[in-house]
Amino acid sequence: MSSQTEHAARMTSPQIMARKGGEPLVCLTAYDAPTAAILDAHCDILLVGDSVGMVVHGLPSTVGVTLEMMILHGQAVMRGSKRALVVVDLPFGSYEASAEQAYYTASRVLKETGCQAIKVESGPAIASTIAFLTQRGIPVMGHVGLRPQAVHVDGGFKAKGRTVQERTRVLFEAQSADEAGAFAIVVEGVAASLAAEITKSVSAPTIGIGASPACDGQILVTDDMLGRFDWTPKFVRRYADLRGEIDRAAAAYAADVKARRFPAASETYAFKKPRVDVVDEQG
Ligand code: KIV
């Protein structure tokens with residue numbers, strides 16, 4: 001069982017809610033323990049996003065992500081972090097059929113990872129599920145606008161809220177998630193003015209991604225902002241060039257191996273000769 005001090009040290013969902021309209025919430029995705037350990041000091045929320053399927057496992061969308069994958073990555077992020085609130089995404093197919101299915105899945109995620117909250121992509125049918133979960137002790141983060149799990153209905157990853165009809169729908173989805181008790185709402189890939197309108201009209205903090213600086217916080221896929229891919233969406237700001245760094249390091253390593261410059265003598269183990277007197281005594 002984790003100690004009282006561990007619970008005390010971590011951000012809580014009420015603390016996140018209290019930041020509405022205050023200091024912006026800093027959020028990033030994390031999928032493994034060493035990365036979580038680095039991000040922890042800088043983030044209020046670490047999201048174990050189902051983007052792990054695309055970022056780490058090379059899947060074409062998040063639809064193929066399984067509950068077992070989310071639990072495994074959730075456990076790793078919990079081991080690596082001490083301070084941030086850890087939220088784990090419920091993957092496609094693990095919560096949409098009924099509130100009971102969502103409760104079973106979410107309680108398994110909380111028990112098996114030790115995380116504090118879960119996230120669901122909150123289309124129109126999910127508000128009642130958010131209420132069901134929050135009333136039973138499970139903090140829920142909503143997710144409106146571009147919903148990656150709806151990629152097949154949408155026909156691709158497309159920004160939302162650029163027509164009046166879509167604007168009304170996304171606003172309604174955000175308000176429904178808010179009324180249902182979501183402690184925070186991710187607003188992804190929507191017109192900036194809509195993200196600002198949502199932020200004004202809900203009591204939960206909004207976390208923008210491809211949205212607006214008016215949101216109560218921001219999130220990015222960590223691997224995007226670290227520059228691990230050669231293509232990123234227009235809303236991503238790259239703070240590093242890890243792809244270039246890894247490429248340069250791998251090329252230098254390959255050149256050293258081929259030229260027998262690696263390993264150097266200092267990078268090898270010496271053979272320890274057996275002591276002659278010990279050998280004699282035994283003989
Ligand atoms: O899965 C994910 O990483 C997400 C973020 C993009 C918000 O849902």
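In this short talk I will walk through one chain, from its overall make-up to a few of its side chains.

Please keep in mind that this is a predicted model, in which local features need pLDDT of at least 70 and side-chain atom pairs count only at pLDDT 80 or more, while totals for chains, interfaces and linings use all residues. Residues are numbered from 1 along each chain as its sequence is written, and side-chain values use heavy atoms, with hydrogens and water left out.

Let me start with the whole chain. Its secondary structure comes to 13 helices and eight strands, where helices (H or I, at least four residues) and strands (E, at least two) are DSSP runs numbered from the N terminus. The C-alpha atoms fill a box of roughly 90 × 45 × 35 Å, taken along the principal axes. Of the 283 residues, 47% count as buried; buried means under 20% relative accessible area, exposed means over 50%, and partly exposed lies in between, with a 1.4 Å probe and protein chains only.

What about the aromatic rings? The structure holds two aromatic pairs, and rings of Phe, Tyr and Trp (its six-membered ring) pair if their centres lie within 6.5 Å, with planes under 30 degrees apart counted as stacked, over 60 as edge-to-face and the rest as tilted. The rings of Tyr103 and Phe132 have centres 6.4 Å apart and planes at 75 degrees, so this pair is edge-to-face. It joins distant parts of the chain, since Tyr103 belongs to helix H6 (residues 99–113) and Phe132 to helix H7 (residues 127–135), 29 residues apart. Tyr103 is partly exposed at 31% relative accessibility, whereas Phe132 is buried at 18%. The second pair, Tyr253 and Phe262, has ring centres 5.8 Å apart and planes at 65 degrees, so this one is edge-to-face as well.

Turning to helix H10, residues 192–201, its buried residues are Leu194, Ala195, Ile198 and Thr199. Seen down the axis of H10, they fall within an arc of 140 degrees, so they line one face of the helix, the arc being that of the directions from the helix axis to the C-beta atoms. What covers them includes helix H9 (164–179), strand S6 (184–188) and strand S7 (206–209).

Finally, consider Thr62, which lies in the loop between helix H4 (52–55) and H5. Is Thr62 buried or exposed? With a relative accessible area of 2%, Thr62 is buried, and, leaving aside neighbours within four places in sequence, it is in contact with Asp50, Ser51, Met54, Pro148 and Gln149.

Definitions and conventions
Contact = heavy atoms within 4.5 Å.
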